[in-house]
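Here's a walk through one model, from its overall layout down to a few side chains worth a look.

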Amino acid sequence: MNRRQLRRLPLHAAALLVFVLSVFPVYWMVLTAFKPTGDIQSETPVFLPTALTLDHFTEAVRADGFWIFWRNSLLVTCGCVLLALVVALGAAFAVARLRWKGRRGFILMVFIAQVAPWEALLIPMYVIARDTGMLDKLSMLTLVYFMITLPFTIVTLRGFLTAIPVELEEAAQVDGCTRAVAFRRITLPLLAPGLLATSLFGFITAWNEFAFANMLIIKNQDDRTLPVWLSSFSNVFGTDWGATMAASTLFALPVLLLFLMLQGRVASGTTSGAVKG
């Protein structure tokens, strides 16, 4: 081992430590979901079980309300992502392609909204939902998630739009296309990686959100989302850790599969949106 490799050894060790600390909770969750009940309740931790079972997954899927809350999470998440994409696409085009008074101030406000802590909006959102009669409604939760994901979507799409040469649209307009047609035929296909990247991050944000869902859905328990349901998943004997971990694994599965399918385009979209603009 040469000196250069020796100098990098602490960095590799630190990277390995961070990797282990990050992956171990996920590994323990999935492992517990497959462990027999005896291994879960054992006083000695079992890191490599000799037997695996699917009983916990069966119990989780058959639990009251699992598919209802799964549907609620899916509806709210997809709804907020679609709304954010439509609105952010128009806003990103306006700030990236057009020159108008107040443009810089608008961009500044978007950045401020992006860095503002979500927790600071809990009480204002509750008061607004209460006064407008929107408590215990999935539509209110969708609007809140839309508001949370919108600034990031605008910033990312703006950076990606800036990376696409405006001359492509101008050439299409010279050939007879209107601005809208040039954008739809030329720019929009090139925006695919950016749209996928922002959609994925918006999906993850809304899918995993707990605080707003727990606060805005109070009386109508059938409108709860999966994160809220998981926090109260128990039986008459207390918390069933095997079924809880199985339900958590199923909850994390859609995001994991979506990321694996889109990882190439997500990486390129995130990079382009970050370094340009």
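## A partly exposed arginine and its partner

At 46% relative accessibility, Arg-130 counts as partly exposed; buried means under 20% relative accessible area, exposed over 50%, and partly exposed in between, with a 1.4 Å probe and protein chains only. Arg-130 pairs with Asp-131 in a salt bridge whose closest N and O atoms are 3.1 Å apart. The term asks for a side-chain nitrogen of Lys or Arg within 4 Å of a carboxyl oxygen of Asp or Glu. Asp-131, with 54% relative accessibility, counts as exposed.

Before going further: this is a predicted model, so local features need pLDDT of at least 70 and side-chain atom pairs count only at pLDDT 80 or more, while totals for chains, interfaces and linings use all residues. Residues are numbered from 1 along each chain as its sequence is written, and side-chain values use heavy atoms, with hydrogens and water left out.

How many salt bridges does a search of the whole structure find? It turns up two. Besides the Arg-130 pair, there's one between Glu-169 and Arg-97, with the closest N and O atoms 3.0 Å apart. Glu-169 sits in helix α8 (residues 166-174) and Arg-97 in helix α4 (residues 66-97), so this pair ties together parts that are 72 residues apart in sequence. Both Glu-169 and Arg-97 are buried.

## The overall layout

The protein chain has 13 helices and zero strands. Those labels come from DSSP runs numbered from the N terminus: H or I with at least four residues for helices, E with at least two for strands. The C-alpha atoms fill a box of roughly 70 × 70 × 35 Å along the principal axes. Of the 277 residues in the chain, 39% are buried. Take contacts (heavy atoms within 4.5 Å) with a separation of 6 or more: residues 24 or more positions apart account for 73% of them.

Helix α10 is a handy check on geometry. Its 17 residues (192-208) should span 24 Å at 1.5 Å a residue, and the end C-alpha atoms are 24 Å apart, which agrees. The expected span here is 1.5 Å times one less than the number of residues. Buried residues in α10 include Pro-193, Leu-200, Phe-203 and Trp-207.

## Inside the core

The largest nonpolar core has 58 residues, and Tyr-145 and Phe-212 touch the most other members. Helix α4 gives the most to this core, with 14 residues. A core here is a set of buried Ala, Val, Leu, Ile, Met, Phe, Trp, Tyr and Cys residues joined through side-chain atoms within 4.5 Å. Setting aside neighbours within four places in sequence, Tyr-145 is in contact with Val-76, Cys-80, Ala-206, Glu-209, Phe-212 and Ala-213.

One of those contacts, Cys-80, counts as buried at 0% relative accessibility. What's the count of disulfides? It comes to zero, taking a disulfide as a pair of cysteine sulfur atoms within 2.5 Å. For Cys-80, the nearest cysteine sulfur is that of Cys-78, 8.4 Å away.

Arg-224 lies in the loop between α11 (211-216) and α12 (226-231). Beyond its neighbours within four places in sequence, Arg-224 is in contact with Phe-69, Asn-72, Ile-217, Trp-229 and Ser-232.

Asp-136 is in the loop between α6 (122-131) and α7 (138-163). Its phi is near 65°, a positive value in a residue other than glycine. Most residues other than glycine have a negative phi.

Here are relative accessibilities for a few residues across the chain.

| Residue | Relative accessibility | Class |
|---|---|---|
| Asp-136 | 14% | buried |
| Pro-49 | 19% | buried |
| Cys-177 | 23% | partly exposed |
| Val-26 | 46% | partly exposed |

Val-26, in helix α1 (residues 3-34), has its C-alpha 8.6 Å from that of Thr-249, 223 residues apart along the chain. Pro-49 belongs to the loop between α2 (37-40) and α3 (55-62), and the C-alpha atoms of Pro-49 and Phe-212 are separated by 38 Å.
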